[in-house]
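User: Hello! I am new to this structure and would like to get to know it step by step. Could you walk me through it?

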Amino acid sequence: MASYIARRSLILVLSLFVAAIVLFALLRLLPGDPANALLGVGATPEQIAAARAQIGSDQPLTVQFARFVTSLARFDFGTSFVSKAPVLGEIANRMSVTAPLTLAGFFVAVIIAVPLGIVAAARADRWYGAAISVFSQFGIAIPVFWLGILLVALFAIRWRIFPSGGFPLKGWERPGEAAVALALPVLTVALVIAASLVRYVRASTLDVLSSDYLRTARALGARFPEALVRHGIRNGAVPVVSVLGIELATTLLGAVVVERVFALPGLGSMLLLAIQQRDYPNVQGVLFVSTLIVLLIGFAADILQRFIDPRLRTTGADR
Amino acid sequence: MTAVVASAPRRGASWTWRIGLALVGLHVVVGLLTLVWTPYDPGAMTGGRLSPPSLAHWAGTDRLGRDVLTEVMIGSRIALQVGIGAVSIGAAIGITIGIIAAFATRWRDDALAATLDILIAFPTLLIAMLVVAASEQASLGTAILALGIALSAVVARLTRILAKRVIQTDYVTAARVSGSSWLAIVREHVLPNIWPTLSVNLALQFGLAVIAEASLSYLGLGAPPPNASWGRLLQEAQGTVYSAPFGAIVPGLALVSLTIGVNLFADGLRDLADPLRRGRG
């Protein structure tokens with residue numbers, strides 16, 4: 001186990017390094033010198049040189065890269081070209097919207113998907129078992145933003161149950177308003193993620209149902225639900241946990257898109273605005289932080305999977 | 001219990017597969033048709049603004065008076081371009097790297113496998129957003145390229161795992177001993193054996209690529225009209241979703257029908273390729 005964690009940590013660190021290279025390369029591909037973003041149209045050559053010196057884009061690429069990596073490692077993303085505010089503070093600020101949206105969406109999705117998936121497998125021959133499978137087919141084919149638009153049309157415009165978008169200016173100082181503002185976005189993300197999770201839970205339950213140990217338990221006199229709970233859950237959970245990490249990362253990306261539907265001031269809208277304004281420090285900060293989160297989620301999911309499935313620890317099935 | 005599970009979806013699988021094929025076929029026909037004919041000129045202001053469906057405009061008009069059906073039909077062509085383009089790029093790069101990794105010896109294989117693990121961890125949509133933003137002008141080509149590259153890591157990892165399994169079989173050892181070349185083994189044994197599973201995955205990736213491009217377009221990072229994708233149409237229709245719901249519903253339905261069609265088609269392919277998996281969602 002320890003050697004696996006060490007190996008997996010190494011991959012995590014290497015991944016972050018590759019992420020830094022990719023980010024560095026892509027940001028250098030952006031049109032024009034980043035210094036241009038600091039200046040107006042009629043800047044003199046002296047001003048341009050000063051701006052380049054300030055940003056460091058007059059240095060050789062290797063020096064720029066070394067500086068880039070060390071500042072990322074210290075979580076120093078600089079200050080925004082546009083607002084002059086520190087990037088990290090802005091990200092933390094935006095996270096107060098994106099993090100609750102992602103986590104709540106994910107947990108609601110799990111709460112919806114696990115019972116539905118088990119029922120869909122155990123009762124595959126009934127109409128509701130089939131209906132759940134159809135729901136999941138639709139769910140994985142629907143883009144999250146379209147579902148959001150439809151939910152707004154129904155819940156916000158037609159029935160006026162929830163606001164159609166926006167977030168209280170005071171944020172979580174008004175917890176009631178903030179929670180209501182996030183209700184519909186959370187539902188949107190949760191439904192889409194639940195639909196794809198249902199497939200894994202269902203497939204995993206089907207495996208459990210056709211397993212020899214379940215048949216043996218039944219032969220020994222255990223009733224069906226009892227046998228399923230006692231032997232099925234831990235066995236069935238392993239493949240599901242392995243996709244939970246991917247699903248949580250997908251939830252984060254879904255949240256980024258959904259923020260646009262509901263005009264929420266989160267990480268996603270920060271990134272879009274930064275791209276439009278060519279605000280490189282902000283683009284770089286958001287991309288690095290979100291990649292870091294996705295990588296950490298994958299790391300945690302892999303470790304967790306080995307905790308619940310001892311078989312994976314001894315065999316060489318690391319990959 | 002098992003008998004029910006095994007037999008019922010088997011019948012189901014064959015008709016869901018046909019639905020999938022029909023939906024994909026419909027989009028292919030419509031997409032090809034737009035090359036020679038559309039109900040109205042794309043981008044032309046053809047009637048009243050936000051008018052409801054009528055005989056002249058089957059899906060109504062948008063806020064600029066453009067025919068929604070025309071835009072949605074062109075969206076079919078764009079979506080197919082995105083799917084085919086991204087999957088082709090992803091498959092070309094991914095299969096090549098995957099096969100090389102499968103044949104590589106110990107440490108090289110480890111290094112390639114670790115690299116693929118690293119690349120897969122990257123959030124596709126974020127990278128695609130950045131690549132599209134990095135290009136001077138948002139175009140369909142950059143989006144397709146970005147999605148194709150993002151998807152190639154997934155294909156490479158799957159190819160490597162599948163190909164390794166084939167390479168370890170006795171008949172490949174026999175072929176090696178009898179002096180078959182590396183390329184001959186790949187062509188005669190590896191590719192035919194991994195193709196059934198791989199093609200199913202590629203079909204699923206097609207659907208994901210279409211959704212990802214629509215998301216990019218929805219976020220305003222896609223190609224501008226008149227070659228707009230469904231994502232852009234949905235973004236434009238969002239503000240008028242209640243007064244003119246058709247503009248927001250029809251492009252979405254088109255997108256969902258294509259992605260569901262591709263997914264059902266992939267499920268059918270999988271059942272054909274592997275009878276043991278019949279009945280699994």
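Predicted model: local features only at pLDDT ≥ 70, side-chain atom pairs only at ≥ 80, totals over all residues.

User: What elements does chain B run through from the N terminus on?

Analyst: The secondary structure of chain B comes to nine helices and zero strands. Read from the N terminus on, its elements therefore give the order α-α-α-α-α-α-α-α-α.

User: What share of the contacts in chain B with a separation of 6 or more is between residues 24 or more positions apart?

Analyst: Two residues count as in contact if their C-beta atoms, placed from the backbone, lie within 7 Å. Among the contacts of chain B with a separation of 6 or more, the share from residues 24 or more positions apart is 69%.

User: Which element gives the largest share of the side of chain B that touches chain A?

Analyst: The contact draws 40 residues from chain B and 43 residues from chain A. Elements giving two or more residues on the side of chain B include helix H1 (2–36), helix H7 (182–218) and helix H9 (245–273) of chain B. That side divides into 29 nonpolar, eight polar and three charged residues. Its largest share, eight residues, comes from H9(B).

User: Now to chain A. How far apart are the end C-alpha atoms of residues 283–304 of chain A?

Analyst: The UniProt annotation "transmembrane region", from an unreviewed entry, covers several stretches of chain A, among them residues 134–159 and 283–304. Residues 134–159 of chain A are 88% helix and 0% strand, with end C-alpha atoms 27 Å apart. Residues 283–304 of chain A are 100% helix and 0% strand, and their end C-alpha atoms lie apart by 32 Å.

User: Are H7(A) and H9(A) roughly parallel or roughly antiparallel to each other?

Analyst: The axes of helix H7 (residues 175–209) of chain A and helix H9 (residues 224–261) of chain A come within 9 Å and cross at roughly 160°. Angles over 145 degrees count as roughly antiparallel. The crossing is right-handed. The two helices, H7(A) and H9(A), are therefore roughly antiparallel.

User: How many residues of the contact of H7(A) with H9(A) are charged?

Analyst: Residues that meet here include A:Pro185 and A:Tyr200 in H7(A), and A:Gly232 and A:Glu247 in H9(A). The residues of this contact divide into 13 nonpolar and 10 polar, and the number charged is one.

Technical notes. Residues numbered from 1 in each chain as written. Chains lettered and ligands numbered in written order. UniProt positions renumbered as here; feature names shortened; annotations may be inferred. Helix = DSSP H or I, 4+ residues; strand = E, 2+ residues; numbered from the N terminus. Axes fitted to C-alpha atoms, helices over the stretch in contact; angles between N-to-C directions. Parallel < 35°, antiparallel > 145°, perpendicular 65-115°, else oblique. Left-handed = near helix turned anticlockwise from the far one by under 90°. Nonpolar A, V, L, I, M, F, W, Y, C, P; charged D, E, K, R; others polar.
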